[in-house]
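Dear colleague,

Please find the structure below. My notes on it follow, and I would be grateful for your reading of them.

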Amino acid sequence: MWLLAALCLGGCASPARAADSPSQVLSVALQTMSALKTAYADYTRAQVYHFPVDYPWPPATLGMPPHTYSLDLSGTGEVAFPDRFQYMITVRLGPNFQSEVELMSIQGIIYEQDGAHLDFGGSVTPTWSKPKNTQNLLPVDPFKTLQRLRGTLAPRDLGDTTIAGVRVHHYAMEMDPVKLIAEEAMALADPSLRPALQDAILKGTFNVEVWIGVDDHLIRRISTVEARRDTIALHNAETNSAAPPGASDQGIVAISDRIVLNFHDFNSLVTIKPPNLRQTP
């Protein structure tokens with residue numbers, strides 16, 4: 001009798017294993033992603049800039065509303081961990097302009113394909129160069145996107161769902177503003193702009209969602225939605241660009257940026273080699 005009671009009490013006192021928290025699942029997922037060799041990736045990105053009314057931008061030929069600049073990108077490509085990716089990107093500026101560009105990044109160095117030229121032997125080969133201003137290409141760096149997940153506040157569980165038939169956890173979180181300020185401040189060449197940067201980030205919104213495989217802990221999708229209001233001076237500094245002729249460096253530009261990055265076909269065959277750069281005459 002006492003033995004039976006002891007067994008019962010012992011069994012009742014043994015707690016069931018608690019489910020992993022969203023923070024623990026995210027931590028494991030980031031470790032799992034870092035152990036990958038390759039993946040395929042695709043993304044969409046939509047940026048909208050609302051400039052002051054006295055800002056003469058964008059050109060009317062682009063067909064955008066006055067003082068509004070909209071940019072839509074979609075890219076498909078490959079990723080080789082830990083430091084290589086390649087995309088074929090379609091760029092749309094408003095309703096009247098569209099172009100395609102092939103972009104490659106190897107160990108943090110960006111290369112852009114310039115098109116093709118005819119060799120003396122009669123074969124057509126692509127030519128590559130290093131763009132002067134990579135910000136204008138707005139590349140979605142899969143490694144930086146994954147790394148930024150480490151700078152988020154505690155995730156909230158939105159419930160499980162499926163992506164392409166795979167069960168996934170769906171979490172939502174916000175970027176830690178302190179870490180975001182520190183990250184962007186390091187890239188500012190002009191220290192006098194740091195107060196404007198801090199103000200823009202503290203007053204902005206930086207939302208993140210992530211979808212993680214229930215069984216394999218692989219990250220299938222990352223979505224980011226940012227909204228902020230930068231001074232014109234800060235905007236020009238961060239994009240490494242100058243104001244168009246006649247534009248004032250005063251005022252505020254309201255920016256929204258939406259990115260959806262998908263990973264799939266993990267550890268498939270991927271080959272990303274440094275390109276042959278165009279020779280300058």
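Predicted model: local features only at pLDDT ≥ 70, side-chain atom pairs only at ≥ 80, totals over all residues.

A polar contact is a pair of N or O atoms within 3.5 Å; within protein, one must be able to donate a hydrogen and the other to accept it, and residues adjacent in sequence count only if both atoms are side-chain atoms. At the start of α4 (177-186), a side-chain oxygen of Asp-176 comes to within 3.0 Å of the backbone nitrogen of Val-178. Helices (H or I, at least four residues) and strands (E, at least two) are DSSP runs, numbered from the N terminus.

Residues are numbered from 1 along each chain as its sequence is written, and side-chain values use heavy atoms, with hydrogens and water left out.

The chain has a mean pLDDT of 85, with 85% of its residues at 70 or more. Over residues 1-18, however, the pLDDT is below 50.

In α4, Leu-180, Ile-181, Glu-184 and Ala-185 are buried (under 20% relative accessible area, with exposed over 50% and partly exposed in between; 1.4 Å probe, protein chains only). Seen down the helix axis, these residues fall within an arc of 125° (taken from the directions from the axis to the C-beta atoms), so they line one face of α4. Val-178 and Met-186, on the other side of α4, are exposed.

Ala-189 lies in the loop between α4 and α5 (194-203) and is exposed, with a relative accessible area of 80%.

With kind regards

Key. pLDDT = per-residue confidence, 0-100. Contact = heavy atoms within 4.5 Å.
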